[in-house]
Amino acid sequence: MPNSVNAAVDGITPRPALLTFLGGVGTVTGSKFLVESDHARVLVDCGLFQGLAELRRRNWRTLSCDAEDIEAVVVTHAHLDHCGYLPRLVRQGFRGPVVTTEYSARLIEIVLRDSARLQMEAAQHANEHGWSKHRPAEPLYDDADVDRTLSLLAPVPAGAETEIAKGTRLTLHPAGHILGSAWARLTLEDGHTLAVSGDLGRPGHPLLRPPEPFSGADVLLMESTYGNRQHEEAAARAAFAAVIGRTLARGGTVVVPAFALDRTEVVLHELAGLRRDGVIPASVPVYVDSPMALAALDVYRDAIAARLPELRPEITDAGRAALGPGPFLAARSVQESVAINETRGPAVIVSASGMATGGRVLHHLRRLLPDPRNAVVVVGFAAAGTRARDLVDGAVALKMFGEYVPVRAEVADVPYFSAHADSRQILDWLRGAPAPHTTYLVHGEPEGAEALRDRIRHELGWNAVVPRSGERVLVR
């Protein structure tokens, strides 16, 4: 807790821990925070950089410390920007435990296997077509790296304090962001505490209970994805229903780029309601075209069957019916995905990736964007440098597969489906807790991080700072 009394390890008063911001600063991707004390090095989150080319190139850089010197990695949840660098870290020599929750561990396997497949396919395509400057092009990591990573997963129960390295104890608290997500609280060997929000969920998440309240820490790392925005949930739900209805009425197809983890489940839950309300006629097919999303759906269904406490009671009571517009059509194989492209007439397609950086959704966008009868609905945060962000910003053409595709379809930005808390909800989560010595605003683009910093300073009176990439500070 704040103002904690120094503890002694081996009879020697330890020095304050050093915190280094290795990623997730000035961007919503690549979260990595290194905590170094006298006897332990712990990395909190190990995410992949995405979006702008200059960010993606950072995935290839060597970390500022040797991977084999890191005793443990804590992963707050299974999104790629928080766990996607793990196999690269293992390739570099990391062999410690990867500590996370049980359901995060299950989802991490799905995410990393899919990421390795995409890495290997991209390298193969580059070598076959000669578009990479590297000869030969290589993947960031491969299946063997993922296998080694998965063997290191060490799930722990939420709420239980666990020693993860000498003198360093961890407690994970439900964060309400995606299934298994947590905010982390580290008690360091000198007695000081560090809390990391991970990605904080919004209280109105349709599937998950609200995040467990913040209980204080000496230092807090607070995500700021929506630090300058506020979700207008009623208006956004109405806008989503409206764009679906008018697109189907004019004979068009709606494509929803959706993250495979949680976003697909939330979108399907909403589409189920629109089916019941008649907005989506029974004759209109709803496709889910993402093997990764379908695998994640199975994990969510297992959680519902197990009546996992982090799920809302009405979701566990509804059972399988809570996750689909009954029935949706699953495209698992490549052939089934290609067959969707042969369909004509009104339809809804939910496909990954959510920011349209890759995956099967690109094939649907290439086919559907030139036709003004169709619509693309962006349902979450779109990072700078991604195709989804280009669409939201009004791009008239989108580059895919080496060519520019004209954008004539309707584009709707409906951030209601974001699994992130907005600025007001973050302030509510912080309110009532004792003030940390310092709150660092991370995992946000500069405008969002700076806006949230100013609100925390003015409304809570806390010391709030936007750190720089690579900056080192003491935990005290």
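Helices and strands here are DSSP runs, numbered from the N terminus, and those labels will guide us through this predicted model.

Let's start with an open space. The second largest pocket holds about 280 Å³. Two elements, α4 (102-129) and β8 (168-174), each contribute at least two residues to the lining of this pocket. In total, 17 residues line the second largest pocket, and those nearest its centre are Thr101, Ala158, Pro174, Leu308 and Glu310.

From the pocket, let's turn to the aromatic rings. The structure contains 5 aromatic pairs. A pair of this kind is described by how far apart the ring centres are and by the angle between the planes. Take Trp183 and Phe214: their ring centres are 5.8 Å apart and their planes stand at 65°, so this pair is edge-to-face. Trp183 belongs to strand β9 (residues 182-187), while Phe214 sits in the loop between β10 (193-196) and β11 (219-223), so the pair ties together parts that are 31 residues apart in sequence. Are these two residues buried or exposed? Trp183 counts as buried because its relative accessibility is 0%, and Phe214, with a relative accessible area of 5%, is buried too.

Phe214 also pairs with Trp429, and this pair is tilted, with 5.3 Å from centre to centre and 35° between the planes. Here the partner comes from helix α13 (residues 423-430), so the pair ties the loop between β10 and β11 to a part 215 residues away in sequence. Both Phe214 and Trp429 are buried. Elsewhere among the aromatic residues, Phe21, Phe33 and Tyr440 make up one cluster.

Our last stop is Arg360, which you can find in the loop between β15 (347-351) and α11 (361-368). Is this charged side chain's residue, Arg360, buried or exposed? Its relative accessibility is 16%, and since buried means under 20%, Arg360 counts as buried. What does the side chain of Arg360 reach? One of its polar atoms lies 2.9 Å from the backbone oxygen of Arg332, and the side chain also reaches the backbone oxygen of Ser333 at 3.4 Å. Leaving aside residues up to four places away in sequence, Arg360 touches Asp289, Ser290, Pro291, Ala331, Arg332, Ser333, Val334, Ser337, Ser351 and Ala352.

Conventions: Residues are numbered from 1 along each chain as its sequence is written. This is a predicted model: local features need pLDDT of at least 70, side-chain atom pairs count only at pLDDT 80 or more; totals for chains, interfaces and linings use all residues. Side-chain values use heavy atoms; hydrogens and water are left out. Helices (H or I, at least four residues) and strands (E, at least two) are DSSP runs, numbered from the N terminus. Buried means under 20% relative accessible area, exposed over 50%, partly exposed in between (1.4 Å probe, protein chains only). A polar contact is a pair of N or O atoms within 3.5 Å; within protein, one must be able to donate a hydrogen and the other to accept it, and residues adjacent in sequence count only if both atoms are side-chain atoms. Contact means heavy atoms within 4.5 Å. On a 1 Å grid over the protein atoms alone, a cavity is a set of points where a 1.4 Å probe fits but cannot get out, and a pocket is an open set with protein on both sides within 12 Å along at least five of seven lines; lining residues have an atom within 4 Å of a point. Grid points are joined across faces, edges and corners, and a volume is the space filled by probe spheres set on the points. Rings of Phe, Tyr and Trp (its six-membered ring) pair if their centres lie within 6.5 Å; planes under 30 degrees apart count as stacked, over 60 as edge-to-face and the rest as tilted.
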